Amino acid sequence: MKLNTSSGNGLPEWAEFFRVFGLYLSTESQNNDSWHVFTMPNSRMASALLGIGYLSARFSEPEFQKRESLDTFSKGDQITWLTHDRKSIRHGYFESIELSSTDPTKICFKYVDSERGPVTRQEFAFDVYRFSKYSGAEFKRPRPLSSNMDFLDAFAPELSIDLATKSSSEICFIGDMETRLDLLSNELSCSGRIGSPDDILRVQELDDVGESPHFLSLYANPAARTLNDISTKLAIYDGSAAVRKQLNYVDSPISVVVLDRWDHNSREVFATLKNVQMRSRGSEKKLPTGLSLPAGMEYISWESSR
Amino acid sequence: MTSRISHTTRAFEVRNEAQFSFEYVGEQRIITIRELWQQLRSEIKIGGGIEEYKTLFQYPISRVQGRLSALPFRFDSVECDLDQTINQLLWNSKSLDVDSPIKKIVVDICKLLFELLRIGDNPILPAIINSLDSETLVVIKDSYWKTDLQKFLKENTAFEPQVINVNRLADASDHKKIIYLGSPALLAYRPFSEPDRRFLLDPKASINHFIMYPLGDLKNIPGIIDGSGVGRILNYSTPVVFKIEDFDQEPTEWSAISSRQSSTKSDTEISEPARFVGLAGGNHIWISAKPDSRCRVLSLSRSGELEIEARQTSELREGEMIVERIGKSSPNLIDSVADGLGAKKFRTSQAIWKNALQKRISEVGNVRAVERILESDFKVEVLNLRHWAFDPRSISPASQNDFVKTCDYLGLKESASKLWKELSEIRSLHLKAGNEILLRLQKAVLKLSIDQVRESDGMLLIEVKDYGSLGIFRVEYCSDEQLNLPISEIDVVTSNSEGI
């Protein structure tokens, strides 16, 4: 569905460019290493819009609509499932698949509800529920799917519940507090519903419902003392500090760097990236046909074998 | 509240629509002074680049022409300081030979300065008045003049424009119009590094008006990526007369203040690396440049409250606000807080220990001689005698064994045990004080409001329990160079007029 600003107007040229470029990136091969570097006079919201474009292109793929079947679970697995009213998720421990005691044509599953304790068991027919294996901290009571389900529904109807109950790390955003604020900023709208990039991107560790057991994107702050190795499908480095501090810790076939030209270190970081290109003997690429760079922006891209 | 998307959109619009205009100020004497100054520089270089001549002539003339060519103060004002500069230059030139080419140039420059002094009126001011409106931001080169200029423009124009120095533009919001005082080359110049052209590549205003003398040939403003097309070419209506490399080594007012300090090396003083930081309100500080040293910076938490953050001094930036003690006579913060926690009653023991060491060093002659005695005759293992005797931060040796042996040498054998116990108490209370200080500062800062900080003109006082007043100062200038200074000169705010 069409994304607008929170005032209902269409996205400005530079913002629409990043959204569409994100769509294009989803078609890039994962067998090579590709780098895309943008510089601009102010880079706020650029990485968020690029991420939305990329992820929304991937929504039509089977893995986003896949529902885990009951026979993938083992006794004792932590699982989450959608409540009957489709508004919240519950948590428990899988026991077994059984026939329903009331309707022999339905397959049910037995589970141990984490709120009611290990000794309580209930049975439900499964065909209205979504299941996910869950590895987060245990929660005790039904949790809303998202703090902004209306917006996610408007943006991705048919898919919203699947997106809200899925976990994967499609994109990693690497940036400081400003990147985090971009992702949380309620300035997008879709069919009259207002929301933030995080409502679509579902970024781990960002605000959703207090805890976020299900996520589609990662966020790494380069100022964090412990820098973890991250493996993802698309890495978006927002700002020079992100490149300087996190470059060697992220493995991704597609990397995008967004640099604010007022950032004092942008030139120095660009020189670092040119060295990356030289060492990898990457060959330069142009923008895809049909996409033209907005005035005031710079772009360079290269590709090398992985 | 403006959305973040709007901020970025606005930045694109402003930079894509930006216009540049260059208004030349027509005081020929100032251009002639510049030409003469260049000849002076050549003569000094030909003569061997004697540092004394640079200090006595080249740098003062460079500073005064910086004021004349980029600030609107009257030529006969205290700010331009022509009177004193002329007198000083002529006095200093008396030591030169009559036929010295340096003397001749200096005298010629002084004649022109004297003419300007008599004229009084500075043509930059009417140029500003003609261009200024209620939405204009004024940008200058040297942060030293920010407060004075703001006051001057309020008194001499119909408006109260905000004045910032060019290094602070990165944090500035978009404006309709910016008046720059000085040429693009002057404003972009950075000593020992590439010119900073960001304000030209991505301006913060649609209208960018330079009131300038034609100094510096900066025309080409490239983007970050070669051949990207975002670069600009500046088209000056009058040819510029000097090349950008002519700005090399031009000192600022801040560097004139920092150069008054000299590096020290003595047997008894403890010295450490420090770097110069210019502060608001006509103050400065030398902050510790040791690799692990930290300063306390006022910042905003995620919830929008004021808080104190411990920052590495190497990461301190212009525009930030630091918390420091005011004046050399004010006590050390950690000592004061530790005394409040109970260390005061043990200070007599600390004084006995240090006085005994200092007395013996004085009697023997020097630190090294005493160290040799302690090593050979008393078998003291880890010697750091200079710090034990003269560094107020050093409480005692780390090893009790070494302490007792040293006491033996000093004639304090009988009281060694008691002294060690009390000095250990001081050490433990200092550690406690270190943790306590941040809490107390945080408590003091919570009594301030963000509005108070904004309206403070860069200087505030806070009260800290068991200490008294500490100052919070905005950083106006950070030097990259380091100097070895006595620790008594480090981390204490001093007025710029001290030492003149």
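**Exercise 1.** Describe how α12(B) and helix α16 of chain B pack.

*Solution.* 
Step 1. Take the geometry. In this predicted model, α12(B) and helix α16 (residues 416-446) of chain B pack at an angle of about 115 degrees, and their axes are 9 Å apart. Helices (H or I, at least four residues) and strands (E, at least two) are DSSP runs, numbered from the N terminus. Axes are lines fitted to C-alpha atoms, for helices over the stretch in contact; angles run from 0 to 180 degrees between N-to-C directions.
Step 2. The crossing of α12(B) and α16(B) is left-handed (the near helix is turned anticlockwise from the far one by less than a right angle; clockwise would be right-handed).
Step 3. List residues in contact (heavy atoms within 4.5 Å). From α12(B) come B:Arg347, B:Ser349, B:Gln350, B:Ile352 and B:Trp353. From α16(B) come B:Lys418, B:Leu419, B:Glu422, B:Leu423, B:Ile426 and B:His430.
Step 4. Sort them. This contact has five nonpolar, three polar and three charged residues (Ala, Val, Leu, Ile, Met, Phe, Trp, Tyr, Cys and Pro count as nonpolar, Asp, Glu, Lys and Arg as charged, and the others, Gly among them, as polar).

Residues are numbered from 1 along each chain as its sequence is written, and chains are lettered from A and ligands numbered from 1 in the order in which they are written. Local features need pLDDT of at least 70, side-chain atom pairs count only at pLDDT 80 or more, totals for chains, interfaces and linings use all residues, and side-chain values use heavy atoms, with hydrogens and water left out.

**Exercise 2.** Classify the packing of α12(B) against α15(B).

*Solution.* 
Step 1. Helix α12 (residues 347-364) and helix α15 (residues 400-410), both of chain B, pack at about 55 degrees, with axes 10 Å apart.
Step 2. So α12(B) is oblique to α15(B) (under 35 degrees counts as roughly parallel, over 145 as roughly antiparallel, 65 to 115 as roughly perpendicular and the rest as oblique).
Step 3. The crossing of α12(B) and α15(B) is left-handed.
Step 4. The residues in contact include B:Trp353 and B:Leu357 of α12(B) and B:Phe403 and B:Tyr409 of α15(B). They divide into eight nonpolar, one polar and one charged.

**Exercise 3.** Work out the order and edges of the five-stranded sheet in chain B.

*Solution.* 
Step 1. The order is β1-β5-β4-β2-β3, in an open sheet with parallel pairing (two strands pair if DSSP finds at least two bridges between them).
Step 2. β1 (19-24) and β3 (162-165) of chain B each have a single partner strand, so one side of each lacks a neighbour in the sheet.
Step 3. Neighbouring strands are turned by 25 degrees against each other on average, direction ignored.
Step 4. Check one pair. β2 (residues 136-140) and β4 (residues 175-181) of chain B pair in the parallel sense over four bridges. B:Val138 has B:Ile179 of β4(B) as its bridge partner.

**Exercise 4.** Describe the seven-stranded sheet of chain A.

*Solution.* 
Step 1. The open sheet runs β12-β9-β14-β16-β2-β18-β17, with mixed pairing.
Step 2. β12 (217-220) and β17 (283-285) of chain A are the edge strands.
Step 3. The twist averages 20 degrees from one strand to the next.
Step 4. β2 (residues 32-40) and β16 (residues 254-260) of chain A are parallel partners over seven bridges.

**Exercise 5.** How many residues of chain A are in contact with chain B?

*Solution.* 
Step 1. 32 residues of chain A are in contact with 25 residues of chain B.
Step 2. The chains bury about 2600 Å² between them, 65% of it on carbon and sulfur atoms (the accessible area, 1.4 Å probe, that two parts lose on being put together, summed over both).
Step 3. In chain A, A:Arg261, A:Trp262 and A:Glu298 lose the most area to chain B, together 31% of what that side buries.
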